[in-house]
Amino acid sequence: MVSVMTTSTILSPDAYLDVMRRDAARMRDLAPRDLDAEIATCPGWTVREALVHTGSVYSHKVAKMRLPDGPQTPDDWNHGPTLDEDHGEWFQDRLDELIRELTTRGPDAPSSTWHDDHQTVGFWYRRMAQETAVHRVDIETGFDAVSAVDHDLAVDGIDEVLDWFLVEWHEEIGPDAPGRGTVAVRTGDHIWRVTLVADTVELSRVPGASDAVISGEPSELLLWLWGRRPDSAVTIQGDDELVRALRERLRVVTQ
C-alpha cells in the first residue's frame, strides 16, 4: 500500500469538537419528533436506531480511551436507553461523556484504537466528528431536512474513508476484490488516486493518470463514498465498471 501525503486535511481538535457538537445537537433536536421515521439512506433503519447506534458508539469509544486494551465485554459500554429513559437525554449524556473524555485527556494522550499507526485520543476526535456527521445526515433524511456536511470536515472525511477504511480495512474484502485500475477522486484542489489491484489498494494524493474520475462538492462526494448518495450526486467520467468496483469495495469496508 502506498500513500503519498500532500496538503493535510486534518482539522484542529477544537474544530472537530465544534462541528461534532453542532451535528449532535441537530440529531437530538430532530430525532424526538418521530423516532420511528424511516431513514431513506439506510433502508430498514429508523431514526431511533440511528440515534441509539451513534450514542452507543460514543460510549464504546469512551471505553476505548479508559481501558488499556479497550472494551472486552458488552458490559464495558452503554448500549442504549432503558425503558424509562428519554432517548434525547440519553443521547446527550453519551455525547457529554465523550467530549469530557476527549478534552480531559487531550489529543496527544495514548488510546486504544483499531488503527495500528494511530494510537492516540486524537484518532477519536477525528473519527467521532466524522461518525456524527454521517449519522446526522441519516437522521435528517427521516424528516426530508438534509443539510450539507461542513465543508472542511467533508474534505477531511473523504481522506479518512479512503485511507483509514479502504486502505486499512481492505483485508475484509478478500483476496480477489473487484476492479483493476486507478480511480481519481477530486473535490476543489484536492485529489486522491485509488489504484485497485487484486488484494489491496494503493492510495496517492498527487495528480497523475487515472482510468476514471469521480468529482463533486465535498459533502456530496463524502456521502457518495459512504453510500448515502446516488451516482447522480457526483460527476463520474471514464470507466464505469471500475467505479462500480470501487463502490463495492467501499460498501464492504464501511457497512
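**Ground rules.** I number residues from 1 along each chain as its sequence is written. In this predicted model, local features need pLDDT of at least 70, side-chain atom pairs count only at pLDDT 80 or more, totals for chains, interfaces and linings use all residues, and side-chain values use heavy atoms, with hydrogens and water left out.

**Confidence.** I looked up pLDDT, the predictor's confidence in each residue, from 0 to 100. The protein averages 94, and 98% of the residues score at least 70. Residues 1-5 fall below 50; beyond near neighbours in sequence, this stretch has 14 contacts (heavy atoms within 4.5 Å) in the model.

**L98.** I found L98 in helix α3, residues 87-105. Helices here are DSSP runs of H or I, at least four residues, numbered from the N terminus. L98 counts as buried because its relative accessibility is 0%; buried means under 20% relative accessible area, with a 1.4 Å probe and protein chains only. Leaving out residues up to four places away in sequence, L98 touches M20, Y58, K61, V62, M65 and M128. I checked V62 by C-alpha: 5.8 Å from L98, though 36 residues apart along the chain.

Beyond residues up to four places away in sequence, the contacts of M20 include L98, L102 and M128.

**T46.** I placed T46 in the loop between α1 (13-30) and α2 (47-66). Its relative accessibility is 18%, so T46 counts as buried. Not counting residues up to four places away in sequence, T46 touches L35, D36, A37, E38 and I39.

Technical notes
Helices (H or I, at least four residues) and strands (E, at least two) are DSSP runs, numbered from the N terminus. Buried means under 20% relative accessible area, exposed over 50%, partly exposed in between (1.4 Å probe, protein chains only).
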